[in-house]
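I opened this notebook to record what I looked up about the packing inside one protein model. My entries follow in the order in which I made them.

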Amino acid sequence: MSRINRAGVTVDVALGALLAAGFALVVFVATGGATLGPNTWVQIALIVVGAGCAAALILVNPPGRANGVLAVALFAVLAALTYTSIAWSVQPATSWTEANRTLSYLAAFGAAVALARLIPARWPALTGAVGTVAVVTCGYALLSKVFPATLDPANYYGRLRAPFDYWNATGLMAAMGLPVCLWAGARPVSGRVLRTLSVPAIAVLTTALILSYSRGALLAAIVGLAVWFALVPFRLRGTLVLALGAAGGAIATVWALAHHAITYDNATLAARTSAGHDFGVVLLVVVVLSTIAGIAATVGMDRITLSARLRRRIGTALVVLVALVPVAVVAGAAASSRGLTGQVSHAWHTLTSASAAQPGDTAARLSSLGNSRSIYWREGLKVGEHALLAGVGAGGFDTARTRYTTNTLAVAHAHSYLIETFADFGLIGLAVSLALLVAWALACRRTLGVKRADERHVAEQAGLLTLLAVVVIFGISSLIDWTWFVPGVAVPALVAAGWLAGRGPITDTPTIKSRRPLLTQGRGAAAIGIAVATLVVVWFVWQPLDSVDSFNAAITAMTRGDAAAALTDARDAADSDPVSVDPLWEQSAIYSALGNQAAARGKLVQATSLQPDNPETWLQLGAFDLQARQPRLAVGELETAHRLDLASAPISQQLAQARAELLTAAPAQTGSA
């Protein structure tokens with residue numbers, strides 16, 4: 001290897017390690033995306049990184065076409081729409097936090113577009129980083145089963161869900177890592193160590209994928225792997241690597257499924273710990289055996305050269321085997337008691353019916369078609385139909401759905417990017433999202449559209465096609481789940497998508513000598529403008545977190561009996577997040593404690609004015625008036641709450657009590673007259 005090549009590999013390893021560390025921070029800090037504090041700091045970090053990459057692009061100004069700019073611009077339109085929706089949202093406080101999330105996603109995507117133009121030759125670093133974070137995340141998830149008392153003592157679920165607290169995200173991370181590990185193990189120019197380790201890495205990923213019991217992630221993995229094998233030329237090598245790794249994963253999976261303390265819900269901590277230690281031994285054996293298999297495969301691929309004729313025969317045989325799978329499925333359906341058409345009809349009914357039996361949290365769900373998606377999707381479509389043009393605001397589905405359903409399931413998302421977008425942003429949101437998808441696809445076509453890459457670019461084309469498979473896997477998952485809202489899996493996929501959009505034709509590789517002068521007055525001013533704008537944006541993104549901190553401080557002050565300090569903190573919380581009703585409810589509680597009932601009620605009335613479509617604001621006001629012996633007022637307020645939430649038991653109970661008190665009060669008033 002020449003000195004230049006060694007230097008390039010060193011840079012790739014260093015940059016890849018840096019990117020993997022950044023992805024890991026998003027995974028383990030932001031986790032499932034539900035806690036405001038960690039998410040806010042991750043969002044701020046992403047925004048700062050994105051702004052820095054944009055400033056660097058402006059300063060360096062590499063020659064050539066500005067690839068990916070249209071996709072970035074349309075992503076910015078989507079982010080702007082998310083912020084604008086605060087004005088009409090049924091839950092504007094949630095819309096603000098969702099807008100911040102979308103802005104951070106834009107920053108990640110835009111940063112990748114900029115880096116692809118600045119350092120196009122460093123694509124191996126990104127590909128390796130995606131694979132590394134997937135293996136590390138899934139390895140940690142499996143270790144949470146090995147050492148439950150240390151890593152996850154409160155988790156009594158059998159399904160693998162660490163570190164996201166959401167099994168489908170864990171399964172998706174495993175699925176996203178599979179094409180990268182195939183690429184690492186199959187490409188001839190990889191080092192022997194990397195190719196060897198790809199086999200145990202696949203064993204870890206497949207074990208995590210199956211133990212998550214995530215049907216959506218499994219489907220996405222199958223589609224993504226199909227894309228990889230269809231487009232990447234290392235098919236036979238990839239088949240060998242996948243088969244060896246999957247065999248190791250099968251050993252660990254079968255052992256785990258046979259031990260209920262590992263894979264069933266509600267096992268005691270003692271049982272989980274004992275079985276977990278045994279599982280750790282099994283995993284260690286699997287990793288060792290998979291590594292040995294990886295060594296043998298690597299040596300074999302280096303020493304054995306198959307003729308073109310033999311490769312075609314093997315490839316044909318593999319294609320036939322794959323093609324026989326759907327044939328066997330059709331034959332099995334035809335031989336069933338329902339017959340082919342009856343079996344298809346039954347399967348479709350089970351898949352789409354809201355009343356179909358739901359699968360349990362066991363491995364049997366992997367072969368079950370019953371699911372709750374049809375419920376969420378119907379509700380999302382209903383919400384969108386009643387706010388057809390602009391939707392109910394970012395994150396508003398959760399609040400708006402309750403006025404159209406008596407379903408008591410607690411659900412925050414519509415479990416589909418498409419349907420969630422329709423509910424939250426209406427036809428406008430769908431149009432912007434479709435335009436963004438088309439712009440990204442066209443940019444990817446420019447990047448990957450070289451029909452016959454020469455020998456210098458074959459490796460890069462294979463690597464970028466691997467990133468495309470990763471993005472496809474994430475896209476499939478987002479169509480049938482809410483994984484878009486989980487930063488740990490969304491950010492690596494968005495960075496991969498941004499790189500594909502920004503790279504441009506792989507035959508275009510600008511050199512340092514061909515670049516324009518580094519700095520001009522205009523570009524320097526633009527970079528300074530980006531820095532100033534970033535400070536303003538970061539301050540705006542931080543405001544909801546500052547409001548929560550002040551809100552918590554108010555609660556602490558009331559706990560120690562300092563009502564004056566509590567009121568000050570609650571007012572600060574309202575100033576930081578003027579669209580949130582939580583600070584108003586806290587002020588009402590403080591005024592009640594001070595005996596100022598008029599001021600307490602005034603804050604509750606203000607909350608209903610701020611969020612008139614939120615049933616919780618009317619419930620709070622109705623409960624206050626009911627306690628204040630004002631049943632006539634309470635009935636009207638609670639009827640409004642009930643109209644906005646048909647399934648709420650607390651609202652129904654309060655409304656029944658208010659009506660009963662109103663009927664009791666009416667005869668007394670008549671007798672008095």
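**Core and helix contacts**

I first looked up the largest nonpolar core, which has 122 residues, and found that Phe-75, Trp-228, Phe-279, Trp-440 and Leu-500 touch the most other members. Such a core is a set of buried Ala, Val, Leu, Ile, Met, Phe, Trp, Tyr and Cys residues joined through side-chain atoms within 4.5 Å, where buried means under 20% relative accessible area with a 1.4 Å probe, protein chains only. Helix H7 (residues 167-186) gives the most to this core, with 14 residues; helices are DSSP runs of H or I, at least four residues, numbered from the N terminus.

I noted that this is a predicted model, in which local features need pLDDT of at least 70 and side-chain atom pairs count only at 80 or more, while totals for chains, interfaces and linings use all residues. Residues are numbered from 1 along each chain as its sequence is written, and side-chain values use heavy atoms, with hydrogens and water left out.

Next I checked H7 against helix H19 (residues 487-503): their axes, lines fitted to C-alpha atoms over the stretch in contact, with angles from 0 to 180 degrees between N-to-C directions, come within 9 Å and cross at roughly 25 degrees. H7 and H19 are therefore roughly parallel to each other, a label for angles under 35 degrees. Ala-169, Leu-172, Met-173 and Met-176 of H7 make the contact with Gly-488, Val-489, Pro-492 and Ala-493 of H19, contact meaning heavy atoms within 4.5 Å.

Last, I found that the axes of helix H4 (residues 92-118) and H19 come within 7 Å and cross at roughly 40 degrees.

Technical notes. Buried means under 20% relative accessible area, exposed over 50%, partly exposed in between (1.4 Å probe, protein chains only). Helices (H or I, at least four residues) and strands (E, at least two) are DSSP runs, numbered from the N terminus. Angles under 35 degrees count as roughly parallel, over 145 as roughly antiparallel, 65 to 115 as roughly perpendicular and the rest as oblique.
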